[in-house]
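Here are a few exercises to work through with the model open in your viewer. Try each task before you read its solution.

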Amino acid sequence: MRKTYLFNLLVALLFYPPLMLLAQPTLQWNALLDVEMSKGGAQSHFYYNEIDANNKDARIGFSQLNLIGKLSITTNWHLNGRFLLERDKGQQLDKLVVPQLNLQWLASKRTIGFTIGSFINPFGSFNEQQLSIDRNFIGLPLAYSYYVNISDKIGFAENLGDIANISIDEERQWGGTNLYYGGYSTGALFSWTIKPSKINWKLALVTGAANLQKRFTNPLHLGIISRLKIQATYFWEQSFSFSHGSFLRASEISTPIDQLKKYRQTLLGTDFKLGFGFVEFSGEIIATFYKTPLFLLDENRFQDTSIDTPLQLSNVSAYLDTKYELPFLQGSYLAYRIDRMTFGASEGYATNSAWDNAVWRHSLAAGYRINTHFLARVAFSTQQVANKNWDKTQRTLRLVLTAHY
Amino acid sequence: MRKILAIASMLSLLAFTAYHQQIASNQIKGVVQFYDCPKTIKKGTGYNKDGTEVMHADDPMATTRQNVILSLHPLSFTPTLTPTADAYITQKEQTFLPHVLPITVGSKVHFLNEDEFFHNVQSFTSKARFSIGRRAPGIAYSQKIKKTGAISLMCDIHSHMNAVILSLDTPYFTRVAPDGSYRIDNLPDGDYRLEIFHPNCSKITDKVSLKDGQLTTLDYDFLVKP
């Protein structure tokens with residue numbers, strides 16, 4: 001009782017002060033804590049399989065702590081926030097962030113909504129599963145977790161990370177993911193339920209491309225994200241997503257470039273969910289297109305021609321999830337994910353070879369919801385990377401106990 | 001012989017009278033006065049993704065005041081329990097209707113999906129765990145409730161949906177009317193524990209003795225959380 005009181009007090013102190021003068025606001029809150037045991041293969045790295053290279057041996061500890069609040073100022077106006085203490089790139093639990101903080105207006109029947117601030121990136125279906133209790137697996141799909149040879153400071157460079165060790169602004173360049181694994185964007189979001197339970201459309205104006213990990217870029221870029229969700233029939237959801245924005249940030253080597261905003265990332269995606277009884281299939285396919293300068297590692301500078309005529313690089317990533325809930329053991333499930341990422345040739349560069357190594361990943365997961373507050377999951381994954389002898393050395397085994405209130 | 005018949009008749013009359021005294025038609029009625037709870041900090045119903053994909057039924061059976069249950073639990077005799085007929089919970093506009101369903105323990109509850117998409121119903125309440133899986137629109141599914149007490153329901157497809165089955169060890173219960181009035185008839189003589197229940201509110205318990213076919217009036221104040 002005393003603990004609950006103290007927790008309520010803490011939540012109130014965090015969320016309440018700015019709006020204490022408003023009449024009759026109500027505050028709803030939830031909390032979520034993950035305890036994780038993980039072990040990775042010898043070639044594990046956060047940028048490839050989400051296991052930190054210095055913590056690939058078996059370890060156990062808290063991996064994230066969430067405090068989520070929703071302050072309803074009136075029936076139409078809401079302030080949403082999420083405070084997150086997490087392991088920065090899989091290392092120590094010392095990164096405190098506020099991934100979500102927005103002001104939202106919702107129409108009375110919630111058919112129309114406007115949101116300003118930081119909110120869940122509306123691209124794709126996976127971003128909606130922000131909390132671990134919403135996820136069947138522990139790891140993220142490749143499009144959200146696997147680092148490709150494009151950095152937000154130097155653009156495209158061959159063999160970034162594992163072979164090419166280049167440091168810009170005292171930060172080693174590993175490339176980046178196609179979609180920021182944090183799952184949030186900053187800007188303004190319009191959401192419209194065109195036909196309740198049938199058609200929903202979202203449009204967001206944000207501060208850059210979907211792969212941006214920083215909330216704001218230097219200089220400030222713009223991006224646009226759109227998603228159309230259709231409930232085709234009661235057992236089938238199909239959605240179509242689009243994202244376009246600039247991604248290159250200013251750095252110590254970007255002076256030759258006069259227009260950083262012309263280097264852009266475009267995403268096209270579709271996702272689906274099919275289900276019946278105790279079985280569910282879901283998946284996503286995303287085509288990614290980059291317009292990027294080429295960074296010459298040997299000369300530590302951008303290739304001159306690629307500054308004015310950016311390379312056009314593309315890749316395709318897709319995953320398919322299958323989930324089966326065991327009817328004889330309520331709250332339990334088994335799941336399998338097959339994940340694929342392939343890379344095209346680069347126009348204007350090495351036209352005969354792909355610009356990064358294709359990846360296959362297989363993941364198995366099992367989960368059991370102990371009660372409404374506890375979920376236990378175990379997941380195993382293995383992946384093969386083309387042109388790399390990493391097959392058995394990037395396996396992961398992760399067990400997570402999630403406590404949720 | 002006449003004496004024996006007379007004694008037998010007297011005994012039969014006494015037994016009949018005693019029986020009818022136990023099921024004497026006592027009545028209880030009153031008013032539950034609702035008061036809004038000043039508490040404005042509470043546990044959330046789920047994670048807010050963007051708000052517009054969450055539906056909300058305007059049906060009065062989703063409101064707090066239509067889901068307050070008053071029950072009388074006999075303390076001086078064991079009541080005969082018969083399954084509650086027509087115990088239905090529907091899922092409409094991503095809302096369980098009603099929010100609280102009172103039944104006698106052992107009844108079958110029928111779940112009906114009236115939306116145009118999948119719903120699930122599951123319970124993680126100890127000794128009453130079940131999941132009916134994804135259920136298509138228009139298809140009813142029945143689940144027998146064997147445990148007494150409040151059984152929390154949720155839909156794992158729509159995490160903001162929740163409801164309660166109030167499984168009771170007594171046939172004497174009623175849903176309090178929206179204006180707060182209630183009435184239960186045909187109550188046998190005896191001592192009872194009176195309970196007023198809503199999952200978001202503080203439960204009220206009281207002791208009541210009924211006899212001689214009387215009409216008892218009891219009013220209560222009930223704190224309602226927003």
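**Exercise 1. Find the residue that stands opposite Leu101(B) in β12(B), and describe the strands around β12(B).**

Step 1. Leu101(B) faces Ile165(B) in β12(B). Strands here are DSSP runs of E with at least two residues, numbered from the N terminus.

Step 2. β6 (residues 100-104) of chain B pairs with β12(B) in the parallel sense, over five bridges; two strands count as paired if DSSP finds at least two bridges between them.

Step 3. Strand β11 (residues 149-154) of chain B also pairs with β12(B), this time in the antiparallel sense and over six bridges. Here Ala150(B) stands opposite Leu166(B).

Step 4. Six of the seven residues of β12 (residues 162-168) of chain B are buried, so the strand is largely enclosed by the rest of the structure. Buried means that 20 or more other C-beta atoms, placed from the backbone, lie within 10 Å of the residue's own.

A word on conventions: this is a predicted model, in which local features need pLDDT of at least 70 and side-chain atom pairs count only at pLDDT 80 or more, while totals for chains, interfaces and linings use all residues. Residues are numbered from 1 along each chain as its sequence is written, and chains are lettered from A and ligands numbered from 1 in the order in which they are written.

**Exercise 2. Work out the strand order of the open four-stranded sheet in chain B.**

Step 1. The order is β13-β3-β15-β16, with antiparallel pairing.

Step 2. β13 (173-175) and β16 (204-210) are the edge strands, each pairing on one side only.

Step 3. β15 (residues 190-197) and β16(B) are joined by seven bridges, and Tyr192(B) is set opposite Val208(B).

**Exercise 3. Which residues touch the most other members of the largest nonpolar core?**

Step 1. They are Tyr146(A), Phe156(A) and Ala210(A), in a core of 50 residues. Such a core is a set of buried Ala, Val, Leu, Ile, Met, Phe, Trp, Tyr and Cys residues joined through C-beta atoms within 7 Å.

Step 2. β18(A) gives the most to this core, with four residues.

Step 3. A second, separate core has 38 residues, among them Val100(B) and Leu153(B).

**Exercise 4. How many residues of each chain are in contact across the interface?**

Step 1. 47 residues of chain A are in contact with 31 of chain B, contact being C-beta atoms, placed from the backbone, within 7 Å.

Step 2. Strand β1 (residues 26-40) of chain A pairs with β2 (residues 41-43) of chain B in the parallel sense over three bridges. Gln28(A) has Lys42(B) as its bridge partner.

Terms used:
Two residues are in contact if their C-beta atoms, placed from the backbone, lie within 7 Å. A residue is buried if 20 or more other C-beta atoms lie within 10 Å of its own, exposed if 12 or fewer, and partly exposed in between; C-beta atoms are placed from the backbone.
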